Amino acid sequence: MFFKNVFLIFILVSKSLTSDLYCNKESISPVADPTTLPKLPAEFQTRVQATFNSERTVEFFLVFDYYDQKAEIITQEEIEHDRRVFYYDKNEYFTISNYRKCQVKKINESFDEFNFFGLVYGPDGAINMKPVNDLLHFNNEFPHMYVGQEVYRGIPVKHYRSCQDWIEFNANFLIDFYFSVSEFEQSVGFPDINAQVPVASVIKGSLTRAGRSVLIENTYEFFEFRPFVERKSDLYVQPSGVFCHNQTFKGEMPPIPRSFSFTEEILINDKKMAKSNKVYYSYDLKAIRYDTLATKNYRENAPLKIIHDFNSGVGFVIDEFIGNCSIISLNNDQDSISLANSAGLALTMKDPNQFFFIDDTYFYAGQRLERGIICDVFVSKRTDFKGMIDKQPEYWVFEIYFMAIGQVMESSESEHPVAPIAIKITSSDSCLKVPKKSPKN
Ligand SMILES: *[C@@H]1O[C@H](CO)[C@@H](O)[C@H](O)[C@H]1NC(C)=O
Ligand SMILES: *[C@@H]1O[C@H](CO)[C@@H](O)[C@H](O)[C@H]1NC(C)=O
Ligand SMILES: *[C@@H]1O[C@H](CO)[C@@H](O)[C@H](O)[C@H]1NC(C)=O
């Protein structure tokens with residue numbers, strides 16, 4: 001892929017020994033009082049265009065959130081869309097390719113050019129991101145000076161300069177920083193935020209690679225820099241309908257109540273089919289009701305109320321529009337399990353865990369908003385589910401949504417504070433939203 005050869009994003013990866021000095025720190029004069037330098041926000045998002053020695057340009061979208069210890073990088077190259085999400089709180093680094101393929105590594109054990117948010121070990125051994133000043137090499141321990149006000153990309157900017165040694169890379173760099181003047185309003189105005197934001201930084205200098213001194217000139221242009229993260233809840237959550245391989249963080253799944261209702265949504269993309277059912281389940285009443293639309297056997301698209309009554313051992317299917325009703329057997333039904341040694345003659349209802357396919361295979365996938373309710377989502381990859389299609393996919397992705405603690409459900413009759421709100425089942429064969437290849441100018 002395109003990025004494989006890019007060795008420098010914000011850091012340099014180089015095994016050099018010595019380096020000629022490119023700039024000297026005496027030239028940085030007068031040294032600016034650090035409190036007069038623009039303040040970098042601890043949380044921001046921006047598009048970055050990085051140009052390496054005028055030879056290669058890389059564009060990416062960057063989200064940095066020091067408060068939540070999370071970061072995200074999105075790249076789009078032809079039809080390849082890659083999203084990398086760093087969860088420092090969980091030490092997990094997700095790579096999601098083309099919206100579908102997802103794999104997870106430990107941040108402290110994966111080294112690639114995108115893993116540049118640094119690693120600082122806290123006193124308890126927990127890993128943390130580098131603070132923003134270290135990430136952008138601005139207002140760090142090196143001297144900075146104010147050069148003057150200029151115009152960059154048509155934007156009135158304040159120009160600052162610094163000379164820095166990056167010892168771990170045996171490098172010496174002269175860095176020019178351009179910040180918007182605080183009165184300048186960005187094209188998308190945020191009237192409340194009148195901050196100076198980075199417009200560009202240019203790194204020039206030398207490092208020694210393979211015994212030779214190499215000159216480097218890299219430019220980082222920042223577009224649409226926002227000193228906050230928009231749509232935080234979307235950005236940090238794992239994509240829906242995708243199973244991320246090698247995830248390790250399980251979280252704690254709440255117990256399933258004995259009675260509940262939820263909306264079940266089954267997406268079968270290769271058939272362009274989405275089915276949404278409302279499900280009412282009561283283990284105490286030994287009954288389950290589904291509100292759904294008929295697909296086969298009954299009037300097509302008829303609104304059906306299906307009741308599985310395990311007290312009487314029969315089911316009822318009611319066409320809510322016409323009002324007629326059919327009686328069905330509960331044998332071979334997804335909700336039924338036949339009792340041992342009864343040769344299928346005695347049925348019982350699946351208990352709440354069996355009903356939800358709940359076992360120890362679930363991973364915590366973060367919080368999502370579902371019908372206006374903040375939910376904790378748990379995800380599992382399963383092959384023991386029979387979908388409504390003939391050809392079984394390699395696996396199904398099960399996502400169970402529990403209302404996050406701290407919210408009160410209207411008309412909640414159960415004593416449990418956490419109720420499942422939704423379950424989403426996605427076939428691994430489905431192919432979501434892969435963008436069409438578009439010619440580049
Ligand atoms: C990475 O962190 C984990 C804890 O999350 C630890 O068990 C592991 O040993 C660390 N790996 C390295 C190479 O330091
Ligand atoms: C998951 O981890 C195992 C062992 O570390 C590795 O062999 C496998 O390739 C990983 N799977 C994916 C999809 O990354
Ligand atoms: C209701 O009647 C219609 C028309 O006779 C029939 O097609 C349908 O299958 C019936 N539905 C149920 C639930 O019995």
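**Ligand surroundings and confidence in a predicted model**

A polar side-chain atom of Asn108 lies 2.3 Å from an oxygen atom of ligand 1; polar contacts here are pairs of N or O atoms within 3.5 Å, and within protein one atom must be able to donate a hydrogen and the other to accept it, with residues adjacent in sequence counting only if both atoms are side-chain atoms. This is a predicted model, in which local features need pLDDT of at least 70 and side-chain atom pairs count only at pLDDT 80 or more, while totals for chains, interfaces and linings use all residues. Residues are numbered from 1 along each chain as its sequence is written, chains are lettered from A and ligands numbered from 1 in the order in which they are written, and side-chain values use heavy atoms, with hydrogens and water left out.

**Ligand 1**

- Asn91, Asn108 and Glu109 surround ligand 1 (a residue is near a molecule or strand if one of its heavy atoms lies within 4 Å of it).
- Asn91 has a polar side-chain atom 3.0 Å from an oxygen atom of ligand 1, and Glu109 has one 2.7 Å from a nitrogen atom of the ligand.
- Ligand 1 taken alone exposes 370 Å², of which the protein buries 38% (accessible areas come from the Shrake-Rupley method with a 1.4 Å probe; for residues, only the protein chains shown count as cover).

**Ligand 2**

- Around ligand 2 are Gln103, His245 and Asn246.
- From a polar side-chain atom of Gln103 to an oxygen atom of ligand 2 is 2.6 Å.
- The protein buries 31% of the 360 Å² that ligand 2 exposes when taken alone.

**Ligand 3**

- The shell around ligand 3 consists of Tyr298, Arg299, Val317, Asp319, Asn324, Cys325 and Ser326.
- Ser326 places a polar side-chain atom 2.5 Å from an oxygen atom of ligand 3.
- Of the 360 Å² exposed by ligand 3 taken alone, the protein buries 64%.
- At least two residues of this shell come from each of β19 (314-319) and β20 (325-329) (strands are DSSP runs of E, at least two residues, numbered from the N terminus).
- By class, the shell holds three nonpolar, two polar and two charged residues (Ala, Val, Leu, Ile, Met, Phe, Trp, Tyr, Cys and Pro count as nonpolar, Asp, Glu, Lys and Arg as charged, and the others, Gly among them, as polar).

**Confidence**

- The protein chain has a mean pLDDT of 81, with 81% of its residues at 70 or more (pLDDT is the predictor's confidence in each residue, from 0 to 100).

Definitions and conventions:
Helices (H or I, at least four residues) and strands (E, at least two) are DSSP runs, numbered from the N terminus.
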